[in-house]
Amino acid sequence: MTRRHGYGLLAAIVALIVAASAALYSVLASDDGTPEDSLAARHGRHDSAAPASTAVWVGAWAAAPAAAEPGTETTGMAGRSVRNVVHTSVAGTSARITLSNLYGQSPLTISHASVAVAAARGTGTDGTAAAAADTMRRLTFSGAPSVVVPPGGQVVSDAVRIAVPQNADVLVTTYSPTPSGPVTYHPRARQTSYVAQGDHTEDTTGTPYTERTPYWRYLTALDLLSDQADGTVVVLGDSITDGITSTVDANHRWTDVLAERLRVAVAADRDIPRYSVVNEGISGNEILTDGPGRPADNPSGLHRFSRDVLERTNAKVVVVDLGINDILRNRALPDPAKIVAGLRTLVRQAHARGLKVIGATLMPVGGHPGWTAAREAVRQQVNDAIRAGEVYDGVVDFDRALRDPYDPRRLREAYDSGDHLHPSDLGYRRMGEVFDLEDLWGAVQTGV
């Protein structure tokens, strides 16, 4: 080899080493083992042009078990099919459910269960008790068609393949052949469900379901395998979140509006998180105080937080709208510092699981029978702490959005259902619309 060729080869080797070193430096400088989307979020960048994620399990609907249903202490729902109608916040290709016997005093035998997409109204079917064609699926539990849920326990079904559209009603039906004692239920569903005599779990016509009910029974969650969402927003609240004065069967709760806005934003490829929304409101709920009974009817926010929030599938963000019942429902004037301390306890528990927490200011209740100037002062002190950033990671100011500009102690008339506490449909829509979707960014990515 000539000296000239030797120098040329040496130069080529040096150039190759320099190029490789530069590439390695570039990788090391940008990769600390964190997924690329997490790095972008850390630096305030959200790449909406990134490819959609693969399907993951998320919460598509949920309802907190609230109490033991009166009148069911002896027979439960023995010999009857319970067809719960629930509304999804995202679409999915597979489904699974959670059934609860939290308030039961004896084992609950479910011998047959099913899931189906509800037939659209106006198609000649018997309302939403009828199933859409070819969507009825039998559910199993650890491979078996029946399951026994122990008193105080819950069970999760096996996953079943079913195409569930977004913004759809889903029918979840259970049949119990034997008495099981008190029925675990959610009384303020604002959704009509159905009951039939006998086992009509897989009936698709809806004809046997002649009894209508305003309750959800046994069912506490519907999860979907979805490619429309990467996680779940869990909303913890009271009757305002429960949507107690919203139009029945219209899905006008403020959480429904929030879910609708997220669906529209994702479809438009907006730079916002791809999340589903589940509603864990219980009417009359307080942060600090349980209802009567053991287990307690209407357990406090502190006592149900782990069950209703931290255990929800793929939870990423928590929204808390609690506190007004602590102010209104107790005879003694509440201490605002204790209410704030209770809220901070919820936040600490969420942070320990890597969840971001957004909190709502407490809306005005002037004109309500429980209102007094002293209680108004407590509400203002709690709101001052929330607005000052002393409680939550982010704030949605429902108070400012819905109060009467001429009398801030009251709801604006158009937003008031008439009881001076709960919003009208227009008020619920305002709540969902004032929520800043950008605030959902920043949740710590955790495993399912």
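A residue is called buried here if its relative accessible area is under 20%, exposed if over 50%, and partly exposed in between (1.4 Å probe, protein chains only). The model is a predicted one, with local features needing pLDDT of at least 70 and side-chain atom pairs counting only at pLDDT 80 or more, while totals for chains, interfaces and linings use all residues. Residues are numbered from 1 along each chain as its sequence is written, and side-chain values use heavy atoms, with hydrogens and water left out.

The chain holds 10 helices and 23 strands; these are DSSP runs numbered from the N terminus, with helices (H or I) of at least four residues and strands (E) of at least two. As for contacts, meaning heavy atoms within 4.5 Å, 81% of those with a separation of 6 or more join residues 24 or more positions apart.

Next come the strands, where a pair needs at least two bridges found by DSSP. Strand 4 (residues 92-100) and strand 10 (residues 160-164) run antiparallel and are joined by 3 bridges, with Gly92 standing opposite Val164 of strand 10. In a regular strand the side chains alternate between the two faces of the sheet. Strand 10 has Val160, Ile162 and Val164 on its covered face, and Arg161 and Ala163 on the uncovered one.

An open sheet is built from 3 strands in the order 2-12-15, with antiparallel pairing. Strand 2 (67-68) and strand 15 (216-217) sit at the edges, each pairing on one side only. Strand 12 (residues 184-186) is joined to strand 15 by 2 bridges, and His186 stands opposite Trp216 there. Tyr215 counts as partly exposed because its relative accessibility is 26%. Neighbours within four places in sequence aside, Tyr215 touches Glu69, Asn84, Tyr185, His186, Pro187, Ala189 and Ser193. The C-alpha atoms of Tyr215 and Arg190 are 8.0 Å apart, although 25 residues separate the two along the chain.

Ser114, in strand 6 (residues 112-117), counts as buried because its relative accessibility is 0%. A polar atom of the Ser114 side chain lies 2.7 Å from the backbone oxygen of Thr201. Setting aside neighbours within four places in sequence, the contacts of Ser114 are Met136, Arg137, Arg138, Leu139, Leu171, Val172, Thr173, Thr201 and Glu202.

Helix 5 (residues 301-310) has Gly301, Arg304, Phe305, Asp308, Val309 and Leu310 buried. Those buried residues pack against strand 17 (231-237), strand 18, strand 19 (315-321) and helix 7 (336-352).

Finally, the pockets. On a 1 Å grid over the protein atoms alone, a pocket is an open set of points with protein on both sides within 12 Å along at least five of seven lines, and a lining residue has an atom within 4 Å of a point. The second largest pocket has a volume of about 370 Å³, taken as the space filled by probe spheres set on the points, which are joined across faces, edges and corners. Its lining has 31 residues, and His87, Asn251, Arg253, Thr255 and Asp256 are the closest to the centre. Strand 1 (56-62), strand 3 (80-87), helix 4 (254-267) and strand 18 (275-281) each supply at least two lining residues, and helix 4 gives the most, with 6.

Terms used. A polar contact is a pair of N or O atoms within 3.5 Å; within protein, one must be able to donate a hydrogen and the other to accept it, and residues adjacent in sequence count only if both atoms are side-chain atoms. On a 1 Å grid over the protein atoms alone, a cavity is a set of points where a 1.4 Å probe fits but cannot get out, and a pocket is an open set with protein on both sides within 12 Å along at least five of seven lines; lining residues have an atom within 4 Å of a point.
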